[in-house]
Amino acid sequence: MDDKKNEKVVHTRISKKLFDKISSKAKKHRITTSNLLRNLVEDYLEIHGEVWDAIDEKLRNYLASGEDSIIGYQSIVLNKNSNCSLCGKTLKKGSQVFIGFFEKLPQKIIVCSECKEKEEMAKK
Ligand SMILES: [Zn+2]
């Protein structure tokens, strides 16, 4: 089968406790342990990849639409490396960035100083 050529087998060591948890979940959903793990990995990669990018894109469009605006900023010093929610630029631990609070959305975003200035200019 050609499909088999493009598949790899992953071996990983896990605790008995985790194994039992996975097998009982698989039984409950009537799928194989292998299928459950494959689904979990696929979901994880999707959520942490494209979906997050889509959320950032949505936020940018949401702000650009004028439907909502950032009501204020709070200056913070990053304790972890992060990314600007608006331009995606890498922000290093120890750098000063801003938390943007929306007027309507409960969500908060991390904004670099350039994006904060751009947003402020747009409001004038
Ligand atoms: Zn930015």
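1. Phe98 has Val111, in strand 5, as its bridge partner in this predicted model. Strand 4 covers residues 96-102, and its pairing with strand 5 is antiparallel, with four bridges.

2. These two strands belong to an open sheet of three strands, ordered 1-4-5 and paired in the antiparallel sense. At the edges are strand 1 (70-77) and strand 5 (108-111), each of which pairs on one side only. From one strand to the next, the twist averages 30 degrees.

3. Helix 4 spans residues 113-123 and contains Glu120. Is Glu120 buried or exposed? Glu120 counts as exposed, because it has 11 C-beta neighbours inside 10 Å, and the cut-off for that class is 12 or fewer.

4. Helix 2, residues 16-28, has 13 residues. From first C-alpha to last it reaches 18 Å, close to the 18 Å expected at 1.5 Å a residue. How many of the 13 residues of helix 2 are buried? The number is zero, so helix 2 lies largely in the open. Buried here would require 20 or more other C-beta atoms within 10 Å.

5. Just after helix 2 comes a backbone point to look at: Arg30 has a positive phi, about 55 degrees.

Key: Residues are numbered from 1 along each chain as its sequence is written. This is a predicted model: local features need pLDDT of at least 70, side-chain atom pairs count only at pLDDT 80 or more; totals for chains, interfaces and linings use all residues. The expected span of a helix is 1.5 Å times one less than its number of residues. Two strands pair if DSSP finds at least two bridges between them. Axes are lines fitted to C-alpha atoms, for helices over the stretch in contact, and angles run from 0 to 180 degrees between N-to-C directions.
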